[in-house]
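Trainee: Please walk me through this structure. I want to know what lies behind each term.

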Amino acid sequence: MILPTFELHQPRTLDELIATARGLRDAGEAFDYMAGGTDVLPNYKNRLNAKPHVVSLALCEGLDEVRADRIGARATIADIARDPVLAEHWPGLVEAARQVSSPPLRNLGTLGGNLLLDTRCFYFNQSGFWRDAKGNCLKAEGDVCLVVPQEEICYATYSGDMAPMVLVLDATLHLAGPDGERAVRARDFWAFDGITRFHKRPEELLTAVSFPDAARGLRTGYRKLRVRDTIEYPVMGVAMGLEAAGGKVARLELAVTGSEAVPLYYGDLGLGGRTIDAGLGEELDRKLVRTVNAYRNVPFPPSYRKAMAGVFARDLLATLAR
Amino acid sequence: MSDHESPAHPHDLPRQRHGLIGRRLPLVDAWRKAAGQATYCDDIRLPNELVGKILRSPHAHARIVSIDTSAAEAMPGVHAVLVGRDAPIPFGVLPVSQDETALAVDKVLYVGEGVAAVAADDEATALEALARIRVEYEPLRAFLAMEDSLEEVPEDLRLHARTVKGTNIHKQVEQCFGPVDEAFAGARWSKRQVFKMIGVTHAFTEPIVCLAWYNADERLTLWSAQQVPHYVQRALAKVMEMPMHRVRVIRPTVGGGFGGKSDPFPHEMVAALLSRKCKRPVRVLFDREEVFYNNHGRHPSRIEVALAIDDDHRISALDVDALIDGGAWGSFGVVTTYYNGVLANGPYKLPAFRYRGRRVYSNKPPCGAMRGHGAVNTRYAYEVLLDEACRELGEDPCEFRIRNALDPHSKTINEFRITTSGIRQCVEAARDASGWRDKWGKLPEGRGIGIAGGFYISGSALPIHWDGIPQSTVHLKVDIDGGVTIHSLAAEIGQGSDTMLAQIVADVLGLPLHYCRVFSEDTDTATLDLGSYSSRVTFMAGNAARKAAEAVRQRLVEAAADLTGYPAEFFVMEDEQVVNATMPEIRVPWLDALKRAMRDVGALQASGSYQSPPMGGKHKGAAAGLSPTYSFQAFVVELSVDPLTCKPVIHDVWAAHDCGRALNPLAVEAQIEGSVHMGLGQVLCESFDYNGAAVLNPNLLDYRTLSPTETPRIHPILVETIDPEGPYGAKECGEGPLLPILPAVANALYDAVGVRFYDLPITADRVFRALSRKRRAEARS
């Protein structure tokens, strides 16, 4: 498969980059930002919402710092996976990074790209020939969702590994664009369906993720369901942050990926203050299974994926309480 | 890696007094491949090449009402356009199933079938031209479920002219040997069970690709990633209506075949026809999605098996009813239909056997041959039932298999001629190496061990085209430089056949490997070999090579006799010399003996050939599964079930394989390891999925072959039974070792968690569901 034709812009600084974005926006030209390209380019090859312009971050200076309180959006997943300071502060974040795809893709893929990962679906991630033969879905210029047949909502599955831990840690996302900079709480960022996905204008660039001091009391962990132990996107992923005091839950933060069209933050599911024991694990398991959704558009049946969310949460509770 | 840390290049290995057989030799093309110097088909570039692209059908089953190619033809940069009616002559690998055409002629039979093709200056132009071709279809009822194809239907709903009794059944076979019903009536233990296997495909690394050039001499040359250049040459000659000698097929380095490059293919016809139209070279390179539409992988199967065990714990009858989904075309399907039954006649004694096999056509990409062709799914069913019998009869599955083992130099009830049989040694070796006696039934809950056996042909005794020509001929030329040129059409597809040929010839002539150069690529220069399928090459081409080398050796020892005055019978060849075995100080260097032998006649030339001896019964289908010898194997698997996800995690595989003789143990072990890896893919996660008529996962992200992280420790165990007819006693090792791994996993899973799995693949969600069901049932009782 060959790439569609697009104009590639390669600004050297953030200022240049924003200027490029402003120029394209003002000219009414659609574009995508691209860092590692591991998500954008396969979709382009499949002619999935390809744009006439691509603004590459490859040559842009900065945006790749890795610190305990702040990670640049262009830091690679591999940078995060092997960083000793992050491993000390946010072991769950590093654990998630280490489970992203495979080593070559972790070397290319970035934190920003993973957070903003496009949603995935059997009916969407296919070639133009395939989609024409089958009928295009809502997300790919069609009229009807082929997973849940209706014309309103896209049920494609969010499949990033990094987002749930970012939600657990109550991180802030930093955006820059032609109209200036802004910061948004990660818990307020993702919304809507599998097409719209989040509160971000196309010309806004995710530049960094910062972590609040308040998150430091949490012990963190991530569990990922996938068919094989490498390469795969999560088809259910659970991130947990736990602060225990006197054998009780002082703080519990829970988020999942690989279930619906956006990563979802569930807080403590009403279990704050409870004594941590096997019974609490079972209750958490049951509650989460009742809470999460999953659709038949990625590998494994929804019932199994939902069951695994519960199993993982129970295992994380036991592990983090130890 | 620094130079002195590298393993020795085969050319630099010290010369061995005692020959090259049984030595661990890196393959002769390994260095070239590792250095990036091997030439694959898509590395070849000709001047003025064009890009060939194929327009594919969006319909599963439809009549082609009209095709308008005028807009494509009018495009600048488009040099030729082809439609089905330009080349309506059918072809197929088997003479009995000539049911494919270069492009669909009147009807399309699956989503992805070729309808039209263009040759253009570049890929973008070719794709744009395809987009401008207007095809009008009239959709027909699509046959997607196997059962639908059993129905009698009007002629226009039949997928091909030749089907069974007005249905869409392609081939139906029935066989019965021995007192089957009586055995079931008197059985101590019997069970009938339905097994369902999803289709799988080869997933070779190198995509399908070919390059055709019909040149000014009106000769056609086709470079193609192929296992069977000879059959391609035949099919091209037929479709192009050219004499075969004007068609030349060249097989460059092949990046994996596994049976998926062992048919003549439509795209090869398309490239050749386009090239003839525009008189320029035309390349057709598939993207991965097109490779999936080409498929030819293992058939989705529904296999009902009944097994009877008598009072002495001997297998008394096996009754197999296999329904397999062939997809749109015949391919090797007639053979597959037989193999699903007849290859159950080993590795255990079987006094009564009944088989019904049906292969249906359906509106899906064609199925064909894949590693372990036809034997894998029935083997799974048989070995799982054997394990169940052992559990219920309270017998150790190893001891049971040893008691029932097929004897050497015996005959099966369907008249397979068994020469060597190492099944007993294989079971014993795998049992002992794995620590079976301390583990079976004794491991903690969630961890288990299981065994299964296998049996496979070592080449088909009867060739596809039965014309009395030897199945393999090897030609040698030795000239003044002292090098030995080996010609053979045996296709090197990564399995090591070039190394095998060089090894045998060098061994016979007492030379280091670097004297030999193998030319196995080109139908113009190579002597006929039918190709790399049915695990035939080591046995057949190996025997041919040995005969050819022995003829050359005879000339050399005669020359040495001439030069020294001692009788020729005294001389042996070793260490680049012709040596008087009784007086080792009397010796003639290789080049001196060679020059003497060349006097008056010039370059030495010799041929050797192989043809299977007559064998087999007279019943219908007697030829299917007949082989000059058979390989045997027994594998033990130890695994555990992930406590969270229920995913089966394979820890160790003890893989004992009777390869007759390991000519090159390193290569045999690699074949065993590759087979284990591939078989684990089918049993654990591979699945050729459909959504209606659409292939749901036509890419290597969603079609999941096993990753390196799931590959267990594999302990190959080579059992050598020294086959009397094999070259140096060798038998096959490329396919048989795939068979036992699937049922061994299922049997180990039962040992681990007490649940039987009758359907494949055994994914984590299915284990989870089965265990939840089991726990609920236990809680109730």
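**Two helices and a chain**

Mentor: In chain B, helix 5 passes helix 6 in a right-handed crossing. This is a predicted model: local features need pLDDT of at least 70, side-chain atom pairs count only at pLDDT 80 or more, and totals for chains, interfaces and linings use all residues. Residues are numbered from 1 along each chain as its sequence is written, while chains are lettered from A and ligands numbered from 1 in the order in which they are written.

Trainee: Why is helix 5 of chain B called oblique to helix 6 of chain B?

Mentor: Helix 5 (residues 229-240) and helix 6 (residues 266-278) of chain B pack at about 50°, with axes 10 Å apart. That makes helix 5 of chain B oblique to helix 6 of chain B. Angles under 35 degrees count as roughly parallel, over 145 as roughly antiparallel, 65 to 115 as roughly perpendicular and the rest as oblique.

Trainee: Which residues of helix 5 of chain B meet helix 6 of chain B?

Mentor: Among them are Leu236(B) and Val239(B); the helix 6 side includes Met269(B) and Ala272(B). Contact means C-beta atoms, placed from the backbone, within 7 Å.

Trainee: What makes the radius of gyration of chain A agree with a compact globule?

Mentor: A compact globule of 322 residues would have a radius of gyration near 20 Å, and chain A has 20 Å, so the two agree. The radius is taken over C-alpha atoms, and the rule is 2.2 Å times the number of residues to the power 0.38.

Trainee: How many residues of chain B are in contact with chain A?

Mentor: 19 residues of chain B are in contact with 23 residues of chain A.

Note on methods:
Axes are lines fitted to C-alpha atoms, for helices over the stretch in contact, and angles run from 0 to 180 degrees between N-to-C directions. Helices (H or I, at least four residues) and strands (E, at least two) are DSSP runs, numbered from the N terminus. A crossing is left-handed if the near helix is turned anticlockwise from the far one by less than a right angle, and right-handed if clockwise. Two residues are in contact if their C-beta atoms, placed from the backbone, lie within 7 Å.
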